[in-house]
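I opened this entry to keep a record of what I looked up, beginning with the metal site and ending with the chain as a whole.

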Amino acid sequence: MIWSGLYAEVKECFDLFFPPLCLLCHAPHRASPDSSFCPRCLSGCLPVTSPCCPRCALPFATIGGGDHVCGECLLHPPDFAWTVAAGLYEETLRHAIHRFKFDGSIALDRPLARLLEAAWQHTAPAWIPDLIVPVPLHPRRLCQRTYNQALLIARELGRHRQIPVDPCLLVRNLPTVAQAGLTARERHRNLRGAFALTRPLAGEKVLLIDDVMTTGTTARICASVLSSNGAGEVALAVLARARRNSMLGLETTLRGEIEGIS
Ligand SMILES: [Zn+2]
Ligand SMILES: [Zn+2]
């Protein structure tokens, strides 16, 4: 107790002269206990706000009005009960995810997981899963990248909330071509049969973790595999939710990226 108090005082003194650097912009800042991002970068992580779809977190283009289930979720209800996203796949969060996913900046796992956890606590504070399961990469992709970004986030969430993480439950059997540029139907065809469970479940509540959600095809198929193999309830947590270009009614996103290049 004495030592921890002494450590805190020494650290505070040290930070005064050598402030930690923001993991994104490298500006010196007084880090908050919950984030390694500076206030400016944190404010650039835009939250998903109402109105949006409670099932898939898709934001609507309209101004005002309450949340309601989107057309896609009405026509084809997903096997996940709800979705929470740390923010929109735009600006700072998009930049952070690119660095986390493609540039090997795995130290971003903790601050990104904290953002996601905060959104989860805001959306469904009483919902506690029995198991956290990341969307898997195909082994070939895993060999190229050397890490699964969804697993890093799942591990951080599990460690912080003391919930078991099972990285071997959901596996990817088939290599799939990159999803960008495909229609929803083509994405579904591309991914159908690509996922399987290594063991059946017995009614567990599962929190499925992915990095970016655009059309949601990957998450839908993973949730379907979990539900049809005994999961009691599935919810989805993603780092970022991309908007859909509802003006054109097409399965394109504002940035034209990226789900499935996972
Ligand atoms: Zn910053
Ligand atoms: Zn929806």
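Predicted model: local features only at pLDDT ≥ 70, side-chain atom pairs only at ≥ 80, totals over all residues.

What arrangement do the 4 donor atoms around the zinc ion (ligand 2) make? Residues are numbered from 1 along each chain as its sequence is written, chains are lettered from A and ligands numbered from 1 in the order in which they are written, and side-chain values use heavy atoms, with hydrogens and water left out.

Metal site. I found the zinc ion (ligand 2) coordinated at 2.3 Å by the SG atoms of Cys-53, Cys-56, Cys-70 and Cys-73 (donors are N, O and S atoms within 2.8 Å of the metal, or 3.2 Å for Na, K and Ca). The arrangement is tetrahedral because the angles subtended by the 4 donor atoms run from 103 to 113° (for four donors, all angles must lie between 85 and 135 degrees). Along the chain, the donors follow the spacing C-x2-C-x13-C-x2-C. Cys-53 and Cys-70 both lie in the loop between α2 (39–43) and α3 (71–75), so the pair ties together parts that are 17 residues apart in sequence (helices are DSSP runs of H or I, at least four residues, and strands runs of E, at least two).

Burial. Cys-53 counts as buried at 1% relative accessibility, and Cys-70 is buried at 3% (buried means under 20% relative accessible area, with a 1.4 Å probe and protein chains only).

Whole chain. I recorded 9 helices and 6 strands, and 48% of the 262 residues count as buried.

Methods
Buried < 20%, exposed > 50% of the residue type's maximum accessible area, 1.4 Å probe, protein only. Tetrahedral: all angles 85-135°; square planar, octahedral: opposite > 155°, others 65-115°.
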